[in-house]
Amino acid sequence: MNYITVENVTRAFADKVLFKDLSIGINQGQKIGFVAKNGYGKSSLLNIITKQEEPDSGNVAYRTDLRMAFLSQEPNLNPEMTIEEVILDSDVPTMKIIADYEHSMANPDDAEMMQKALDAMDAANAWDFETKYRQILSKLKLDDLSQKVGKLSGGQKKRIAMAMALLSDPQLLIMDEPTNHLDLEMIEWLEAYFKQEDYTILMVTHDRYFLDRVCNEIIELDQGQLYTYKGNYSYYVEKKQERMEIEQTNQEKAQQLYKKELTWMRRQPKARRTKSKSRIDDFYAIKEAAHNRRKDHQVELEINMERLGTKVVELHKISKSFGDKHLISDFSYNFLRGERLGIIGKNGTGKSTFLNMVTGGLEPDTGKVVVGETVKMGYYTQGGIEAKPGMKVIDVVKQFGEYIPLNKGKIISASQLLERFLFDNKKKHDFVEKLSGGEKKRLYLCTVLIQNPNFLILDEPTNDLDIPTLNVLENFLMDFPGCIIVVSHDRYFMDKIVDHLFVFNQSGNITDFPGNYSDFRAYVGNTDMALDKEAEEAKPAPVKKEVVKTVTPTSGPTREQQKMLSRMENKIKQLEETKKKLQDSFLDPEIHPDQMTENSIQLEKTKSQLEDLEMEWLELSEQIAAN
């Protein structure tokens, strides 16, 4: 069943054409991920489909009585209303009936009001909807409905808008960056929810795990052309690579043919008169194909970095509270050179507070933070770039210098640097306020990196960045020799960049988990996604590392060896616990045969991993003993 048909739609701003003559159909049951580079018009196309904007040409046809909900990047909610008022202000009649029912339950002495509410619930068959209503509000952590919207964070507003979209019972759900500002627990709940609910979905998101696990089709807008891939994100990546290889082959063939025809065209006019006019016409088509190179640019990040000394950053029993809320309690840790740390936890558990204390923007209530003399921090915050009105892109970069040092003694100008960050000559002289959200983030990232930090802190760096830019940023960070701290809800990004996690929980404790996010999720399981519980289960216990005195290699293990040995021991302990749980599962008389087979396979894998890790631990121990 067709829901929407988009025919020959065009959208342009001033002299920039975002897309031209695009056509797309959305049918029942499709879960479509729409991907494109920043500035190619993803949000504009969604706005046209959802009637927020009018196309310059073309039209959009809708199925009669189609129920459609749109979740925008930045929800437009009335700041003077409460959460409950905003939700009830939606166009869902059942919501008012449920609200009256909830109000009657809060006033049980009024028997007449309660009876009217019950009758209305029965008449509207609203009981299943009421259960869904409670579940969605609970999972999105919208507990206090009396809060004013104007006092809420961006993440809380996004959750309200998500609740409103889901509760409107849409046949077609259209979302623009649905995972922005949501924590990991909610993102994973949404994944599971969309799998079990019968929604038709069209969404733009940079969250590649979300695309992989929710979508059954990917549509890419690439240089004015639409390409459809009937599969999830992993399938899309594979098939796109094949398409690129075919395009490259065709490009090479076109260039060879062009050279041949160019030789013919350069002959004397007399020799050409006897030739077919159609061949002359074909020549120009061949010429266009031969010169139709892809305009793909790579963000080259070869920023120079000062070498870190022995002392990096030391945290000595730091604590921080706001009123009765204890965010961090008596925490100690020493960062080592090359450390790659990810930070996860629910919203409000102190992640940003921790970063602000590390960078010196906030003093701890107790304890102290010691920063080494050679440390130069680069802090990418969620707040983004702040530019004065009327400021141009090139002026923002020149605030940090006319020339930027690169590796191997090379230098480039501020203008050249912007080109490497995909800002062409025209874009470099645009006003900052004209940039898209993703372009502003890219510019901000540029201003952080060009300062040559050797201790890089990234607080939600993936928001509003397109997937190509994320891939390049990941490649840069994987080769970055300094320290990295990342706070991100992008699990794909975290898995590629970090090698251990700080897990923050509501009690003020911080657990050091040796592994990336997928390791963490696999260890604690997917049955209960409460990070507080996971943090308690994910041993070792909260880290209490004291300052370690530097020793020479001849007097004992180096700090790097100590760190590696400690992580191996923690991982061995985890594997041993997993092994024991699997072995104990066979004692359950009610275990299903299929589950027993699955556990047997998992047990053999765990044993193999344990043996390999114990061998590595033994080799490292012998190496340390020999020093």
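A salt bridge is a side-chain nitrogen of Lys or Arg within 4 Å of a carboxyl oxygen of Asp or Glu. Keep in mind that you are looking at a predicted model, in which this rule gives 22 salt bridges.

**Stop 1.** Select Glu53 and Arg11. Their side chains form a salt bridge, with 3.2 Å from N to O. Glu53 sits in the loop between α1 and β4 while Arg11 belongs to strand β1, so this pair ties together parts 42 residues apart in sequence. Glu53 is partly exposed at 21% relative accessible area, whereas Arg11 is buried at 13%.

**Stop 2.** Now pick Asp169 and Arg67, which meet in a salt bridge at 3.8 Å, N to O. Here the partners are 102 residues apart: Asp169 is in the loop between α6 and β6, and Arg67 in the loop between β4 and β5. Asp169 is partly exposed, at 35%, and Arg67 is partly exposed, at 39%.

**Stop 3.** Next, select Glu439 in helix α16 and Lys427 in helix α15. Their salt bridge spans 3.4 Å, N to O. Are these two buried or exposed? Glu439 is buried, at 7%, and Lys427 is buried, at 16%.

**Stop 4.** Finally, show Glu576, Glu611, Asp612, Glu614, Glu616 and Glu619, which form a negative surface patch. Helix α22, residues 593–626, contributes the most, with five residues. Zoom in on Glu619 in that helix: its relative accessibility is 48%, so Glu619 counts as partly exposed.

Definitions and conventions. Residues are numbered from 1 along each chain as its sequence is written. This is a predicted model: local features need pLDDT of at least 70, side-chain atom pairs count only at pLDDT 80 or more; totals for chains, interfaces and linings use all residues. Side-chain values use heavy atoms; hydrogens and water are left out. Patches are made of residues with over 30% relative accessible area and no salt bridge: like charges are joined within 9 Å, nonpolar side chains (Val, Leu, Ile, Met, Phe, Trp, Tyr) within 5 Å. Accessible areas come from the Shrake-Rupley method with a 1.4 Å probe; for residues, only the protein chains shown count as cover. Lys and Arg count as positive and Asp and Glu as negative; His and the chain ends are not counted. The place of a charge is taken as NZ of Lys, CZ of Arg, CG of Asp or CD of Glu. Helices (H or I, at least four residues) and strands (E, at least two) are DSSP runs, numbered from the N terminus. Buried means under 20% relative accessible area, exposed over 50%, partly exposed in between (1.4 Å probe, protein chains only).
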